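Here is a short walk through one model, section by section. Have the structure open while you read.

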Amino acid sequence: GRRCPALLATLTVEDSQRSWVRRVRRLAGLIGHPVVDDAGPHVEYATVDSIRHFARAYGDGNPLYSDPAYAGAGPHGRLVAPPLFPIATGVPLPLSPDGAPPVDVGASLQGGEPTVAADSWTLHRPIGSGTRLERATVLHDIQFGSDDGPPSCDVTIRRSYLAGGTLYASQDRTRRYPMSQESGRESGRES
């Protein structure tokens, strides 16, 4: 018989969307699992120099971040890092003790280029000189996009910045992953 190209194209798109939705749901089942995080820190330890350089790099001349004597008389009684200093630091923590492989969100939702939809920080305590932050990165949340427009999902990754088990800061970054024809195909590298 004759093939109807429009019907075949519709079936292919529907199959592609179903495949993509299945992979998003599989990924949602991994919420709370460690995520691939292989970016090393720019700064491993908060020092007088690294704190001052960070502050001056974005134009902040506040002496609380650059002058130990001035900062010592300030509200924290010592020199502290600017609030977003964790963005430059945080040694990735080893992966889960059970040996489970980390979630590779990009490989699971390959295809369309993700965009940052939201980025929020919670700062729990000041970071003083001598602090070495470690970073734990986990899959925090997944939500399907709105019914308007092409299918997409919002994936939130949580980074917790700790020293000696004490939480200093946390960041929730949500990226919107659009489905594309390539992302609808089953991937051989699923997480």
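## The S3–S4 pairing

Thr137 has Arg159 as its bridge partner in S4. Strand S3 (residues 134–144) and strand S4 (residues 152–163) run antiparallel and are joined by 10 bridges. Strands here are DSSP runs of E with at least two residues, helices are runs of H or I with at least four, and both are numbered from the N terminus. Two strands pair if DSSP finds at least two bridges between them.

Before going further, a word on the ground rules. This is a predicted model, so local features need pLDDT of at least 70 and side-chain atom pairs count only at pLDDT 80 or more, while totals for chains, interfaces and linings use all residues. Residues are numbered from 1 along each chain as its sequence is written, and side-chain values use heavy atoms, with hydrogens and water left out.

## The whole sheet

Zooming out, 5 strands make an open sheet with mixed pairing, in the order S1-S3-S4-S5-S2. Strand S1 (91–92) and S2 are the edge strands, each pairing on one side only. Strands of a sheet pair through backbone hydrogen bonds, either parallel or antiparallel.

S1 goes with S3 in the parallel sense, over 2 bridges. In that pairing, Pro92 stands opposite Arg135 in S3.

Now for a loop residue: Asp37 sits between helix H1 (5–28) and helix H2 (48–57). Is Asp37 buried or exposed? Asp37 counts as buried, at 16% relative accessibility. The cut-offs are under 20% relative accessible area for buried and over 50% for exposed, with partly exposed in between (1.4 Å probe, protein chains only).

Which residues does Asp37 touch, not counting those up to four places away in sequence? They are Pro92, Arg135, Thr137 and Arg159, where contact means heavy atoms within 4.5 Å. With Arg135, Asp37 also makes a side chain to side chain polar contact at 2.7 Å. (A polar contact is a pair of N or O atoms within 3.5 Å; within protein, one must be able to donate a hydrogen and the other to accept it, and residues adjacent in sequence count only if both atoms are side-chain atoms.)

## Helix H2

The buried residues of H2 are Ser50, Ile51, Arg52, Phe54 and Ala55. As background, an α-helix has 3.6 residues a turn, so residues three or four places apart point the same way. After H2 comes Gly59, with a positive phi near 85 degrees.

## Salt bridges

The model has 7 salt bridges, taking a salt bridge as a side-chain nitrogen of Lys or Arg within 4 Å of a carboxyl oxygen of Asp or Glu. One of them joins Glu44 and Arg132, with the closest N and O atoms 2.8 Å apart. Because Glu44 lies in the loop between H1 and H2 and Arg132 in the loop between S2 and S3, this pair ties together parts that are 88 residues apart in sequence.

Over on another part of the chain, Arg173 forms a salt bridge with Asp119, closest N and O atoms 3.2 Å apart. That pair links Arg173 in strand S5 (residues 166–178) with Asp119 in strand S2, 54 residues away. Asp119 is partly exposed at 35% relative accessibility.

## The end of S2

Thr122 is in strand S2 and counts as partly exposed, at 40% relative accessibility. Where does Thr122 find its contacts, leaving aside neighbours within four places in sequence? Its partners are Tyr168, Ala169 and Ser170. Thr122 and Ser170 are 48 residues apart in sequence, yet 5.2 Å apart in space, C-alpha to C-alpha.

Leu123 also belongs to strand S2 (residues 115–123) and is partly exposed, with a relative accessible area of 42%. Together with Leu84 and Ile87, Leu123 makes a nonpolar surface patch of about 260 Å². Patches are made of residues with over 30% relative accessible area and no salt bridge; like charges are joined within 9 Å, and nonpolar side chains (Val, Leu, Ile, Met, Phe, Trp, Tyr) within 5 Å. Accessible areas come from the Shrake-Rupley method with a 1.4 Å probe, and for residues, only the protein chains shown count as cover.
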